[in-house]
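Please keep the model open while you read.

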Amino acid sequence: LASVVGYAGSGKSAMLGVAREAWEREGYTVRGAALSGIAAENLEGGSGIQSRTIASLEHAWGQGREQLGPRDVLVVDEAGMIGSRQMERVLSQARDAGAKVVMVGDPEQLQAIEAGAAFRSVTERHGAAEITEIRRQREDWQRDATRALATGRTGEAIHAYDGKGMVHAADTREQARSELVHGWDRARQAEPGKTRIILTHTNAEVQSLNGEARDRLRASGDLGDDVTVKAERGERQFATGDRIMFLRNERSMGVKNGTLATIERVSPEGMAVQLDDGRSVAFDTTDYAHVDHGYAATFHKSQGVTVDRAHILATPGMDRHSAYVGMSRHRDDVQLHYGRDDFADQRQLVRALSRDRSKDMASDYAVPERDQARAFADRREIRFPELARQMVEKVRAKTRGMFDGFRPKPAAERPMSPERSAADRPLPPSQAKAIERYARAGADIGRMLEKGLPVLAHQEQAWAKAGDALDQIRAYAARDLASALARDPKLIEQAARGNTSGAAKAMETERQVRIDPEKRAGRFVEQWQTMKEERAGMERAGNHEGAEKLAKRMEGIAGGLHRDPQLESVLQRRAPELALSMERSRSIGQELAQSVAIERDRDRGMSR
């Protein structure tokens, strides 16, 4: 099993085309599957992998046909839209056959219609390769906007498009719809060779937009005479020149749910059309009536589609997932329209289009009772990101040690003698796996930060869950490992690759420091002296701003010592090592803070 998470428009299909060539050179058979027919068609067109819907694959498997084997690679595209039960059936089939499965998708795009978030859960537990470079949009600022949409910063993307005049407010939704279709028609006539699509949230709104689009075409003389056809969704008026969309897969015709075409001939009994891939198809409506006008579509129909220009009508049912999909379909530009009867102003629009409706898994809550509130908060984005940000910043900057995490520890936990140290015992497989998972999540976060990209929600959740798993093996294990990795960042990549022995030993060292006041004091003295030297070096180099920041940090650390009375007591005895002469009326923390203030005043005097 392998997973690939890629932003919208990052070239996932092109990547799969290269992978297909490599697999086939090695003698593997590569097959593709997707939830919807149009997604399967797009996968096949973009990668050359012969693809079909998951439902049709399951049907064939049930009849004993097209069985997978150990030399098969099954590529599952748009995996984020697949429900848990269906995903389980596909993975079980591949497991029993000894086949390889490669799942490709984006957990931030449209969520599964059925229950669960299987793809997100798999990537959190087992990791994924990530593609973060946007290729679809031609302008740099638009690629940045897509990256913002992909990382939950919908407001930032909307403001970027608004700054370029691409967000349009009208008094009512009806007026917004009319202005959208007017802009669509004007662009259609000005650039007939460009591809375009109108997108919105509901089928009812799609029907209204289709009707207005046809009115514009009729006014410009681009449609023939209307013919009434009994379609699956009711009677429709179709004409020569109309755009239609197929709404059901039909292998005999070579069409999928979402395939687009232009009518060449139409009668009440049937029609002949040219598909967008150039093929011609004719059919009787008594045999196939699952067609409708194809100027507008819902966001669910559009995932995986690429066009030159997109026109979006925003309505209250949207969320950040549909906004992300809708506003990332285009190469050249997207026009976003809304009515003030739906959204009073742009602030309300941003709020609605920023709503997170990620689906949950039962396993998201499979934690000890004491952590259930935390798990619920994490899943609903009532997060505790400060610790995660501190940890990844440590990793990124490769700084050494922090002391503000020290707290009095339970009396039940006693320091272990060196001969009984966990570092000297073989590492249990469950602990080794938990360390590897934690390090892999930290490495993923570190890579995002190195590229200057925001940490994705699923990455932060994976890191938090890995920490919870460690804490279930041993209390405070995640805190100890975070400290160990921050002190020696080389351990992150080692542990992420499965070599966890070094991380385990360093983790045990941090545990000893955490529970033994003497060791904590030794660590504190060492780090305090290092910070003093760093600060002095900054002052000598003329970096007064950096020296001031470090001084404030040192004052904060000194001020927090009262929260650890054991450490405070030991440090009081070791005051000479800190170049302090203790006064009876002051605590060790006050003395340290005072020493920082004295050095600051002295340095300021010298700089004058």
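Is D341 buried, partly exposed or exposed? With a relative accessible area of 48%, D341 is partly exposed. The cut-off matters here: exposed means over 50%, so 48% falls in the class in between. This is a predicted model, and every value here is computed from it.

**D341 and its partners**

D341 sits in the loop between β18 (330-339) and α12 (346-353). Setting aside neighbours within four places in sequence, D341 touches D171, T172 and R173. Take T172 as one case: 169 residues separate T172 from D341 along the chain. Yet their C-alpha atoms are 5.2 Å apart.

**The whole protein**

The protein has 608 residues, and 51% of them count as buried. Its secondary structure consists of 23 helices and 18 strands. What share of the contacts join residues at least 24 apart? Among contacts between residues at least 6 apart in sequence, the figure is 70%.

| Helix pair | Angle | Axes apart |
|---|---|---|
| α1 (residues 12-25) and α2 (residues 37-47) | about 60° | 8 Å |
| α6 (residues 140-150) and α7 (residues 154-163) | about 155° | 7 Å |

Start with α1 and α2. They pack at about 60°, and are therefore oblique to each other. The crossing of α1 past α2 is right-handed. On the α1 side, S13, A14, L16, G17 and R20 make the contact.

Now turn to α6 and α7. Why do they count as roughly antiparallel? Their angle is about 155°, and angles over 145 degrees fall in that class, so α6 and α7 are roughly antiparallel to each other. The crossing of α6 past α7 is left-handed. From α6 come W141, Q142, A145, A148 and L149. They meet T154, E156, A157, A160 and Y161 of α7. By class, the contact of α6 with α7 has seven nonpolar, two polar and one charged residues.

**A helix with a buried face**

Which residues of α22 are buried? In this helix (residues 565-573), they are L567, E568, V570 and L571. Seen down the axis of α22, the buried residues fall within an arc of 170°, so they line one face of the helix.

Most residues other than glycine have a negative phi. Two residues in loops have a positive value instead.

E66 has a phi near 50°, a positive value in a residue other than glycine. E66 lies in the loop between α3 (54-62) and β4 (72-77). At 33% relative accessibility, E66 counts as partly exposed.

Y476 also has a positive phi, near 65°. Where is Y476 found? It is in the loop between α16 (457-473) and α17 (477-487). Its relative accessible area is 28%, so Y476 is partly exposed.

Terms used: Residues numbered from 1 in each chain as written. Predicted model: local features only at pLDDT ≥ 70, side-chain atom pairs only at ≥ 80, totals over all residues. Heavy atoms only, no water. Buried < 20%, exposed > 50% of the residue type's maximum accessible area, 1.4 Å probe, protein only. Helix = DSSP H or I, 4+ residues; strand = E, 2+ residues; numbered from the N terminus. Arc of directions from axis to C-beta. Axes fitted to C-alpha atoms, helices over the stretch in contact; angles between N-to-C directions. Parallel < 35°, antiparallel > 145°, perpendicular 65-115°, else oblique. Left-handed = near helix turned anticlockwise from the far one by under 90°. Contact = heavy atoms within 4.5 Å. Nonpolar A, V, L, I, M, F, W, Y, C, P; charged D, E, K, R; others polar.
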